[in-house]
Amino acid sequence: MSTMAPFGAVTTTPNGGRPRMNDESTGIEGPRSPLRVVVVGPGWAGEAVARRLADCDRPTVVVGRLDPDATTPPLRGQALDEAIRMLVGATSPDLAIVSLPASASELLQGIRTAFRREDVPERFFPTVEDLLDGVGPRSLPDIDPAMLLDRPSRPLDHDRIRSLCRGRRILVTGAGGSIGSELSRRIADYEPAELVLMDRSEHALFEIDRQIARRHPSLARRASLQDVADPAGTLRVFESVRPHVVLHAAAHKHVPLSEDHPREAVRNNLIGSINAVRAAIATGASRFVLISTDKAVSPRSVMGATKRLAEIAVQREAADAGLGCAVVRFGNVLGSSGSVLEIWSREIRDGGPITITDRRMTRYLMTIPEAAGLVLQAATIADASMPTGRIHVLDMGEPVRIVDLADRFAAAHGLGTVEAMPGTPIGPGRIGVVFTSPRPGEKIHEILAQPGRTLGKTSHPAIRTWDGPVPTAEAVDRLVRAADTPPGTDAARAADAIHAAIRAVDRPEPPLDAARGDAPELEIVEMTKIAGRPRCSETPAPMRGAG
C-alpha cells in the first residue's frame, strides 16, 4: 500500500498531483495508465474499497481519501466543498468512490455536487448498513421535488381528514398511479375501516398493495384488478365493498399519447369516470371525488377535453342523485411517473442534453404529497348542497418557468446549464439544454379558470372554487355519445368529435341559476354527423358503456 500523507481529513499519495492522462476518444484513461481514484468515507471503508479495487482486472490506484467526519466539527457545507476542491487539485482523480450510508442523504448530495463541480464522476460503494437494509447503489441523488418549488407546502387540517376517513370504507381507483398510490398511503394513516385499491395495472396494483400491507398489517384492505372503463366489472367491485367514500384517480394523463389515441382517452377519462360515479351512486356512497386537471380549462388537448367532459358528466350524475361530489383541479405533479423530472434524470444520467419544449413555457406545479393531501382536504369540504357546477382548484402558487425549473434541477446535481445544439461539446460541470417545440395539444401557459371568471374562497386557504355551467342529463348524454366515436374511427376524426363536444359546453356561458348553478339546456345543433353518428339534436339513445 502506498504511504499516505496527512491532509486534515484528507490523505493523498505522494504522487497524488500527477495530471490525468485521458484517452482523447473515450474521455477515460487508456489501458496503460491506472485509473486514479479518491475514496470518500470512514477509514475502514477506504480499506474495503482498496481491497476490492485490488481484485479488479483494470489497473487502479487510490490517490487520495476523504473522511468528512474525521474532523471537529465534521466537514459540511462550504468546508466540505473546499476540502473536495483541494483533494481534486492535489490528486487529479479520474473517479471518486463514495462509501457512506444512504441515510446520510444530505451529506451524500453535498459530496456529489462538489465532485461534479470539479468535473469528477462519482460512484457508490454500498456500506454494510445499506446491504442489510436492502439499499442498492446510487448513481444520481434523490432530489426532493419540494426543494425545486420556491414556496412553502400547504398546511392540512388533519383532524378533518381523519374524520372523513376513520371507520369508513374507502375505495381508490387508479390506486397504483402516482396520485392514487399517495392517496392510498395517506388514507391508510387515517384509520379507515377498509381500503379498497382498484387499478387495471397488475404490477402497479401489486406494488401499492404490498406497501400498504407492510406499513399497516392490521388494516382491512383488498386489491381489485379492474378496468374502470368496464361498467359491469366496476359495479361488481363497488357492490362487493359498498364504499362510503370514492376517490377516482384513474385516468390517462399524457397529452401526446391522448392526441394519438383519442378513443382510449374517452374510454378511460370520460366513460370510466361515468362508470365510477354511477357505481358509487348505485352502492350508496356518500362522497365522490374526481381528480381533474388545469388542462380541462379551455382545453386544447384531447386529454384536457376528455377531463372537462368527465367533470360535467360526474357533476350531473352526482347532483341528480344527491351525492356529495368534489371535482378537484390541479396542475402538473413533480416526481410523478413520466413527469419532467423523471425524463431529466434519465437525460442527466445519459450525459445530456436536457430537453425543454419551449423557453416560454410555464406550468402550475405541485408535489405528489401536497396534491394528495389537498385532494383529501377538498373531499372534506364537498357535500350535496354545493352548486352543481362547483370545481375545487388547488392553490399552486405562481406558474413556474420550465427553464427555471431545469436550472434548479441541474444545480441540485451540481451542474450548470448552457443552451447548446445536440452533440455540442459542453464544458466541465455543465449540461446542455436543447429546446424542441410544443407537442400536439400542449399549451405554452395553463390557466385556472375561464377568462373573466374569478375563483371563490373556501374554509381552507389552499382550496378555491369556480362555479361553472352543467348541462341537463339529456344534454350530457348527447355530448358523451358524440365524443365516444365508434371503433375504427381514425384519430383525427375522433379528436374532432371530442373538441366539437367541448365547444358546445364551454362557449359563452348563459346565466346560472343562483341556487344550484344549473344552466339552461345547451343546444348542440352545431355538431353535425361525425363518423356516421346522427346529429346530436336527434332523439338520443341510452348512453353506452365502455368504448
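**Before you start**

The model is predicted: local features need pLDDT of at least 70, side-chain atom pairs count only at pLDDT 80 or more, and totals for chains, interfaces and linings use all residues. Residues are numbered from 1 along each chain as its sequence is written, and side-chain values use heavy atoms, with hydrogens and water left out.

**Stop 1: the whole chain**

Show everything as a cartoon. The protein chain has 16 helices and 22 strands. These are DSSP runs numbered from the N terminus: H or I of at least four residues for helices, E of at least two for strands. Now colour by burial. Of the 547 residues, 53% count as buried; that means under 20% relative accessible area, with over 50% called exposed and partly exposed in between (1.4 Å probe, protein chains only). The chain exposes about 24,300 Å², and carbon and sulfur atoms supply 52% of it. Areas come from the Shrake-Rupley method with a 1.4 Å probe; for residues, only the protein chains shown count as cover. Among contacts between residues at least 6 apart in sequence, 77% join residues at least 24 apart. Contact means heavy atoms within 4.5 Å.

**Stop 2: strand E11**

Select 287–291. Strand E11 is mostly covered, with five of its five residues buried. Show the side chains. Arg287, Val289 and Ile291 point one way, Phe288 and Leu290 the other, and all are buried.

Strand E10 pairs with E11 in the parallel sense over four bridges; two strands pair if DSSP finds at least two bridges between them. Find Val246: its bridge partner in E11 is Phe288.

**Stop 3**

Select 354–356, 416–419 and 430–435. The three form an open sheet in the order E14-E20-E19, with parallel pairing. The twist averages 35 degrees from one strand to the next. Axes are lines fitted to C-alpha atoms, for helices over the stretch in contact, and angles run from 0 to 180 degrees between N-to-C directions.

Zoom in on E19 and E20. Glu419 stands opposite Val433 in E20.

H12 (340–349) lies across E14 and E20, at about 145 degrees to E14. H14 (402–412) lies across E14, E19 and E20, at about 165 degrees to E14.

**Stop 4: helices H8 and H10**

Select 231–241 and 262–282. The axes of H8 and H10 come within 9 Å and cross at roughly 40 degrees. Pro231, Thr234, Leu235 and Phe238 of H8 meet Asn275, Ala276, Ala279, Ala280 and Ala282 of H10. Colour by class: seven are nonpolar, two polar and none charged. Ala, Val, Leu, Ile, Met, Phe, Trp, Tyr, Cys and Pro count as nonpolar, Asp, Glu, Lys and Arg as charged, and the others, Gly among them, as polar.

**Stop 5: helices H6 and H13**

Select 178–189 and 368–381. H6 and H13 have axes that come within 9 Å and cross at roughly 65 degrees. This crossing is right-handed. Among the contact residues are Glu182 and Arg186 of H6 and Gly373 of H13. The contact divides into nine nonpolar, two polar and two charged residues.

Technical notes
Left-handed = near helix turned anticlockwise from the far one by under 90°.
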